[in-house]
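Have a look at the structure, then read on.

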Amino acid sequence: MTKSFDERVLEQTIGALELFGIYLGDRLGLYAALRGGPGATVGALAAQCGIHPRYAREWLEQQAVAGVLAVDDAAAPAEARRYRLPDEHAAVLTDPTHASHLAPLARMVAGIGGVLADVAAAYRTGAGVAYPRYGADFRDGQGGINRPAFSTSLVDAWLPALPGVVERLASGGRVADLGCGQGWSTIAVAAAFPQAAVIGLDADPASIEDARSHARERSVAARFECADATALKTQGPFDLVLLLEVLHDLARPVEALAAARDALAPHGCVLVADECVAGRFTAPGDVLERMMYGWSITHCLPTQLAEQPSAAIGTVIRADHLHALAHEAGFTRSRALDVDAGFFRLYELRP
């Protein structure tokens, strides 16, 4: 039965509030404390996680009502009830490298919520909202939501789809990860190919500090620099340049692609991963299209317009548009790879 529009808005309001409940459970370590074992009472969870018992009770009850947590005996007195995180929910909420880990979305939404008034003001003036204004919540959420694919699929499936790349890196090639964010992709490549020289570049200082910390914690010999695409000229040549979920966010994507092309070694290539949106605009759109436009109106377009001049692509970069940008940047070959990359579509660019 099709929902009426008012029912849809009410349902989405409940969903947003429940997403904030996930934010609290993730941020405060409540899910991690509940994972495995016999579960916890209000008092036990409050003591273990260092939160007030009254907040612990309300959060646990809300999570049980929402079907996120299971409760052993809902009729028991409030302080005696024991709550558990079902195994089938654990990966989604607590496993940062699992393919189904979606808890970081809550941090992204919280980060947007913190600057939504600034976004509204930018709509009136045509100005932008700089990426750092979205804060640590959005940065952690963006890094976290991409981490599963960047930590596993990138090395296991994406790079092997590029002819000759894995062989070159295994014997000591050079890789630049442009727009590396918190560094999970850079770290994964450096760990998989210890003979290769791997550098991550990002214009956001806080992201680079996060990336360096993550690399130190894992004893991975990746190098990180706070720089934009112009740094590629002095750092090359590279056998591989990565632009993973970053091209659509660049104010000057053609210039960045041209810099990547100029920095390539002979037989080198560029791997672009960007949004797997529809081939053309249609309305209404599917769930993925709706989500991508949601990010676009609240985050991607405002951050792009904070820098001028700007291509102002937004989040929804369609395949034809990407190929046109590559051609304008001087690439003679650009093709979409036949790889199932989930939310992403992969492109191989060669001079």
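## A buried arginine and its partner

Arg-107 has a relative accessibility of 14%, so it counts as buried (buried is under 20% relative accessible area, exposed over 50%, partly exposed in between, with a 1.4 Å probe and protein chains only). Keep in mind that this is a predicted model, where local features need pLDDT of at least 70, side-chain atom pairs count only at pLDDT 80 or more, and totals for chains, interfaces and linings use all residues. Residues are numbered from 1 along each chain as its sequence is written, and side-chain values use heavy atoms, with hydrogens and water left out.

What does Arg-107 meet in a salt bridge? Its partner is the side chain of Asp-140, at 3.5 Å from N to O; a salt bridge here is a side-chain nitrogen of Lys or Arg within 4 Å of a carboxyl oxygen of Asp or Glu. The two sit in distant parts of the chain, 33 residues apart, with Arg-107 in helix 6 and Asp-140 in helix 8. (Helices, H or I with at least four residues, and strands, E with at least two, are DSSP runs numbered from the N terminus.) Asp-140 is partly exposed, at 25% relative accessible area.

## Other charged pairs

There are 20 salt bridges in the structure. Side chains of opposite charge can pair when their charged atoms come close. In another of these pairs, Asp-118 and Arg-133 meet at 2.2 Å, N to O. That pair also links distant parts of the chain, 15 residues apart: Asp-118 is in helix 7 (residues 116–125), and Arg-133 is in the loop between helix 7 and helix 8. Both ends are partly exposed, with Asp-118 at 29% relative accessibility and Arg-133 at 44%.

For a local pair, look at helix 11. Arg-212 and Glu-209 both lie there, 3 residues apart, or about one turn of the helix. Salt bridges that share partners also build a network, joining Asp-26, Arg-27, Arg-107, Asp-137 and Asp-140. Arg-212 is partly exposed at 30%, and so is Glu-209 at 44%.

## A bent helix

Where does helix 8 bend? The bend is at Asn-146, by about 45°, and Pro-148 follows within four residues. The bend is the angle between axes fitted to the seven residues ending at a residue and the seven starting there.

The largest pocket holds about 1200 Å³ of space. Of its 30 lining residues, Gly-15, Ala-16, Leu-19, Val-109 and Met-291 are the closest to the centre. Helix 1 gives the most to this lining, with 9 residues. The lining splits into 20 nonpolar, 5 polar and 5 charged residues. Here Ala, Val, Leu, Ile, Met, Phe, Trp, Tyr, Cys and Pro count as nonpolar, Asp, Glu, Lys and Arg as charged, and the others, Gly among them, as polar. A pocket is an open set of points on a 1 Å grid over the protein atoms alone, where a 1.4 Å probe fits, with protein on both sides within 12 Å along at least five of seven lines; lining residues have an atom within 4 Å of a point. Grid points are joined across faces, edges and corners, and a volume is the space filled by probe spheres set on the points.

The second largest pocket has a volume of about 960 Å³. It is lined by 42 residues, with Asp-202, Ala-203, Val-246, Asp-249 and Leu-250 nearest its centre. Helix 8 gives the most here, with 5 residues. This lining divides into 19 nonpolar, 13 polar and 10 charged residues.

Two cis peptide bonds are worth a click. One runs from Gly-236 to Pro-237, with omega near 5°, and Pro-237 sits in the loop between helix 12 (232–235) and strand 6 (238–244). Another joins Gln-308 and Pro-309, with omega about -5°.

Ser-219 has a positive phi of about 50° although it is not a glycine. Ser-219 is exposed, at 69% relative accessible area. Ala-312 also has a positive phi, near 50°, and lies in the loop between helix 14 and helix 15.
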